[in-house]
Amino acid sequence: MRASARLFADHADLWGRITTHPFVLAAADGSMTQEAFDRWIVADHHFVVGFRRYLGRMLELAPDEPSRDLLSGGITALTPELQLFRDAAMERGLDLDAEPGPIALGYTSFIQASPADGFEVGMAVLLGAERAYHDAWKAVRATAEEHSPYWGFIDNWSSAGFGAYVDAIAATVDRLGGAAVGPPAKRAFSRVVRFELAFWDAVHDGDPWP
Ligand code: MP5
């Protein structure tokens with residue numbers, strides 16, 4: 001089995017819960033509350049700001065030109081993506097500098113710390129996080145209307161171009177082979193899957209500090 005497939009094989013059940021989470025279903029059928037979507041914009045903006053810095057660290061660690069091409073492409077795509085968040089926040093009067101909740105902060109901090117455990121661990125994290133969003137927003141796209149207020153975000157992660165990026169990440173993980181599925185990489189991937197679920201819960205229901 002390829003290394004990327006081995007990472008997913010252990011998490012088939014939890015993966016199904018990411019793409020059928022109540023937040024995802026509500027985005028698809030238009031029943032999302034304004035509070036939940038506003039919470040997601042602020043929390044996910046915090047995540048993407050941290051994610052871009054993590055990708056910068058991964059670019060520095062990358063061992064060859066194909067993986068540097070992949071990562072620098074990922075970084076470049078985040079300029080228009082961050083603008084989507086800024087525009088949505090401006091329209092809705094949201095403060096993007098608001099204190100993130102503990103789940104949003106914890107997941108983002110975990111992602112940013114992951115390259116310290118090596119490039120292979122960082123790549124397992126990248127595969128999990130990007131594939132989670134591709135699969136979830138593809139599920140939203142399957143039933144959402146193009147005039148959905150979330151269309152810019154839906155299209156960003158569900159497009160064929162983003163799918164090709166996720167496939168290229170998987171191919172890089174496969175090229176890395178054994179170290180990409182060693183215990184540290186598997187543990188990090190498992191944490192990504194569980195954090196993705198916790199993040200949907202947090203934006204759906206709230207992510208309060210004590
Ligand atoms: C992504 C995201 C995808 N924006 N938020 C979460 C919680 N998980 C994954 O990352 P990117 O950088 O927006 O493609």
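Select His 21 to begin: this residue is buried, with a relative accessible area of 5%. Buried means under 20% relative accessible area, exposed over 50%, and partly exposed in between, using a 1.4 Å probe and protein chains only. His 21 sits in the loop between helix H2 (12-19) and helix H3 (22-29). Helices here are DSSP runs of H or I with at least four residues, numbered from the N terminus. Now show what surrounds His 21: leaving aside neighbours within four places in sequence, His 21 is in contact with Leu 197, Trp 200, Asp 201 and His 204. Contact means heavy atoms within 4.5 Å.

Before going on, note that this is a predicted model, in which local features need pLDDT of at least 70, side-chain atom pairs count only at pLDDT 80 or more, and totals for chains, interfaces and linings use all residues. Residues are numbered from 1 along each chain as its sequence is written, and side-chain values use heavy atoms, with hydrogens and water left out.

**Helix H3**

Select H3 next. Its buried residues are Phe 23, Val 24, Ala 26, Ala 27 and Ala 28, and they pack against H2, H4, H7 and H10. Just after H3, Gly 30 has a positive phi of about 80°.

**The core**

Select Trp 40, Phe 51, Ile 111, Leu 126, Trp 137 and Trp 200. Of the 72 residues in the largest nonpolar core, these touch the most other members. Such a core is a set of buried Ala, Val, Leu, Ile, Met, Phe, Trp, Tyr and Cys residues joined through side-chain atoms within 4.5 Å. Helix H7 (residues 119-143) gives the most to this core, with 13 residues. In soluble globular proteins, nonpolar side chains tend to be buried together.

Which residues does Ile 111 touch, not counting those up to four places away in sequence? They are Phe 47, Phe 51, Tyr 54, Val 125 and Ala 129.

Move to Ala 188 in helix H10. Ala 188 counts as buried, at 5% relative accessibility. Apart from neighbours within four places in sequence, Ala 188 is in contact with Phe 110, Val 121 and Val 125. Ser 114 is 74 residues from Ala 188 in sequence, yet the two are 7.7 Å apart in space, C-alpha to C-alpha.

**Salt bridges**

The structure holds nine salt bridges. Each is a side-chain nitrogen of Lys or Arg within 4 Å of a carboxyl oxygen of Asp or Glu.

Select Arg 2 and Asp 174, whose side chains meet in a salt bridge (3.0 Å, N to O). Arg 2 lies in the segment before helix H1 (3-9) and Asp 174 in helix H9, so the pair ties together parts that are 172 residues apart in sequence. Arg 2 is exposed, at 54% relative accessible area, while Asp 174 is partly exposed, at 22%.

Go next to Asp 135 and Arg 131, whose side chains meet at 3.2 Å, N to O. Because they are four residues apart in helix H7, about one helical turn separates them. Asp 135 is buried at 13% relative accessibility, whereas Arg 131 is partly exposed at 28%.

Finish with Asp 155 and Arg 141, which meet in a salt bridge of 2.8 Å, N to O. This pair links distant parts of the chain, with Asp 155 in helix H8 and Arg 141 in helix H7, 14 residues apart.

Notes: Helix = DSSP H or I, 4+ residues; strand = E, 2+ residues; numbered from the N terminus.
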